[in-house]
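Me: I am new to this structure and would like to learn how to read it. Please show it first.

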Amino acid sequence: MARLKTGVLISGRGSNLKALIEACRDPAFPAEIVTVISNKADAAGLTFARDAGIATASLDQRAFADRAAFDLAIDETLRAAHVEFVCLAGYMRLLSDGFIARWPDRIINIHPSLLPAFRGLNAHAQALAAGVKIAGCTVHVVRPDVDSGPIIAQAAVPVLPGDTADTLADRMLVAEHKLYPLALRLWGEGRVRIDGDRTIIAGHDGEAPPLLINPPY
Ligand code: GRF
């Protein structure tokens with residue numbers, strides 16, 4: 001089976017990128033990462049990608065007239081690498097509507113909240129301020145509104161007494177690193193169908209998921 005040629009956009013640490021790269025090391029995994037692009041030349045994730053033998057590029061937004069021109073350069077870099085599908089992994093720049101339109105339902109993102117709650121920046125702090133007892137993370141298809149789009153997979157993460165945004169973020173990352181490879185696998189296996197604002201995941205037998213973990217694939 002041909003593996004889905006995936007490009008990953010990052011801005012920093014790249015721990016989710018690392019989880020995706022690790023998953024793709026398995027020859028049976030239905031996706032491969034063919035390029036990693038950062039808008040920050042010093043993004044730590046770039047080093048990890050290079051060490052894994054993956055082509056990387058960094059583009060400096062200051063060299064471009066506007067967001068559209070910058071996004072066009074990202075688009076060209078992805079296409080030059082024959083990318084079919086894009087994962088955002090801590091990519092801290094808003095994508096232009098034009099870019100998203102050029103990759104219709106071909107971009108996914110991971111966000112550290114149970115969307116549609118707590119969109120945007122500081123999702124962990126937002127969750128703590130709201131007093132939720134269960135937080136979580138979401139992988140979703142990217143649509144023009146920030147942190148919106150059909151949800152592919154979510155994982156629940158408990159909020160514990162005394163949590164700070166940092167301790168919650170650390171616990172969240174453990175879940176993120178399982179969830180993102182899971183979502184990419186589902187996509188690569190052709191099991192994700194977009195149905196308006198939702199997704200339908202093929203091949204689930206309808207059994208109730210165990211507490212706190214959804215989906216149980
Ligand atoms: C993660 O918390 C992710 O959910 C959010 O940005 C963070 C990126 O972390 N979109 P990393 O660069 O993958 O370590």
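Me: In which helix is the place of T167?

Reply: Helices (H or I, at least four residues) and strands (E, at least two) are DSSP runs, numbered from the N terminus. T167 lies in helix α6, residues 165–188. This is a predicted model, where local features need pLDDT of at least 70, side-chain atom pairs count only at pLDDT 80 or more, and totals for chains, interfaces and linings use all residues. Residues are numbered from 1 along each chain as its sequence is written, and side-chain values use heavy atoms, with hydrogens and water left out.

Me: Is T167 buried or exposed, or in between?

Reply: Buried means under 20% relative accessible area, exposed over 50%, and partly exposed in between (1.4 Å probe, protein chains only). At a relative accessible area of 34%, T167 is partly exposed. A polar atom of the T167 side chain lies 2.8 Å from the backbone nitrogen of T164.

Me: Which residues of α2 are buried, and why do they sit on the same side?

Reply: An α-helix has 3.6 residues a turn, so residues three or four places apart point the same way. In α2 (residues 44–51), the buried residues are G45, L46 and A49. They are on the same side of α2 because they cover an arc of only 105 degrees around the axis, taken from the directions from the helix axis to the C-beta atoms.

Me: What do the buried residues of α2 pack against?

Reply: Contact means heavy atoms within 4.5 Å. The buried residues of α2 pack against β1 (4–10), α1 (15–24), β2 (31–38) and β3 (55–58). Just after α2, G53 has a positive phi of about 80 degrees.

Notes
A polar contact is a pair of N or O atoms within 3.5 Å; within protein, one must be able to donate a hydrogen and the other to accept it, and residues adjacent in sequence count only if both atoms are side-chain atoms.
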